[in-house]
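Visitor: I would like a close look at a single part of this model. Please take me through it step by step.

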Amino acid sequence: MSDGALLAVSDLHVDHAENREAVREMRPRSARDWLVVCGDVADGLARFEWALGTLRERFSTVVWAPGNHELLTYRDDPSGLRGEARYRHLVGLCRELGVLTPEDPFPLWQGADGPVRVAPLFLLYDYSFGRNVAATPEAALRRAFDAGVVCVDEFLLHPDPYPSRAAWCAARLTETERRLAAENPSLPTVLVNHFPLTVHPTRALRHPEFAQWCGTVHTADWHRRFGAVAVVYGHLHMPHTSWQGGVRFEEVSIGYPRERRRRRSRSCEPRQILPEAYGA
Ligand SMILES: [Fe+2]
Ligand SMILES: [Fe+2]
């Protein structure tokens, strides 16, 4: 029997019918495949639950890291859940479905090229990537508003009970760093986060003003500090593989249907992270 593969996908955005169809068609290649889902599953709770529930029925293990979209609270959201309470509710839904979250012990992948610790992270962003367009976060935000490139989070991602999204990010960084540092350093990791851990991939953004909503400079060396064999992320909707300091970085978004129509490959298939040789 095959050892199975560690597969990853991100930015399912199942509010779009074509993306729901893509999720319906997503199948493991073997009964032991794991699937990592790096956030932006859906804007609403019902579709979030449907998508992860559908995938959980098919993959032997599903691991989720939250994106900004499942944390948005639209004005007509019947739950009204905001910020940390919304995140905790999503974690509760995942537990009911048997999906692993950043609040669970990091699972051990024992297939080929393992064992590795798979670590889903929830870190958010703190606007420090905005240094690409201005000297201060305030000036970077002003420039984004002037350019008309403003992330929806500014209006709908509420940081309650934290005073700001940057403060929420700081709290998440402290807690996550403590947990990663407590892991056995001899075991390699696969770090999973919705946002890129380094600023490098954001340099390819069409609108540089958007980078401030894409991560934090505080994780720039985490792939080295925490022994990553791969870093898996999404959010940019720019699927590709890159190497930084000898570590593989995989952006695994499927993104919006209109974005796929512009790409050479329209595939929504999850990317194989391990074993490293594709199809091995
Ligand atoms: Fe997204
Ligand atoms: Fe996102």
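Guide: The model is predicted. One part of its fold is an open sheet of six strands in the order 4-5-6-7-9-8, with mixed pairing. Its edges are strand 4 (108-109) and strand 8 (240-244), each of which pairs on one side only. Inside the sheet, strand 5 (residues 116-120) runs parallel to strand 6 (residues 189-192), and four bridges join the two. Val-118 has Val-190 in strand 6 as its bridge partner.

Next, the metal site. The iron ion (ligand 1) is coordinated by Asp-11 (OD), His-13 (NE2), Asp-40 (OD) and His-237 (NE2), at 2.0 to 2.2 Å. The arrangement is irregular because the angles subtended by these four donor atoms run from 87 to 171 degrees, while a tetrahedral set of four requires all angles to lie between 85 and 135 degrees. Along the sequence, the donor residues follow the spacing D-x1-H-x26-D-x196-H. The iron ion (ligand 2) lies 3.5 Å from the iron ion (ligand 1), and Asp-40 coordinates both. Asp-11 and Asp-40 link distant parts of the chain, 29 residues apart: Asp-11 sits in the loop between strand 1 (6-9) and helix 1 (17-25), and Asp-40 in the loop between strand 2 (34-37) and helix 2 (45-58). Asp-11 is buried at 0% relative accessibility, and Asp-40 is buried at 2%.

As for the cysteines, the disulfide count is zero. The cysteine sulfur closest to that of Cys-169 belongs to Cys-214 and is 12 Å away, too far for a bond. Cys-169 is buried, with 0% relative accessibility.

Definitions and conventions. Residues numbered from 1 in each chain as written. Chains lettered and ligands numbered in written order. Predicted model: local features only at pLDDT ≥ 70, side-chain atom pairs only at ≥ 80, totals over all residues. Heavy atoms only, no water. Pairing = 2+ DSSP bridges. Disulfide = S-S within 2.5 Å. Buried < 20%, exposed > 50% of the residue type's maximum accessible area, 1.4 Å probe, protein only. Donors = N, O, S within 2.8 Å, 3.2 Å for Na, K, Ca; no water. Tetrahedral: all angles 85-135°; square planar, octahedral: opposite > 155°, others 65-115°.
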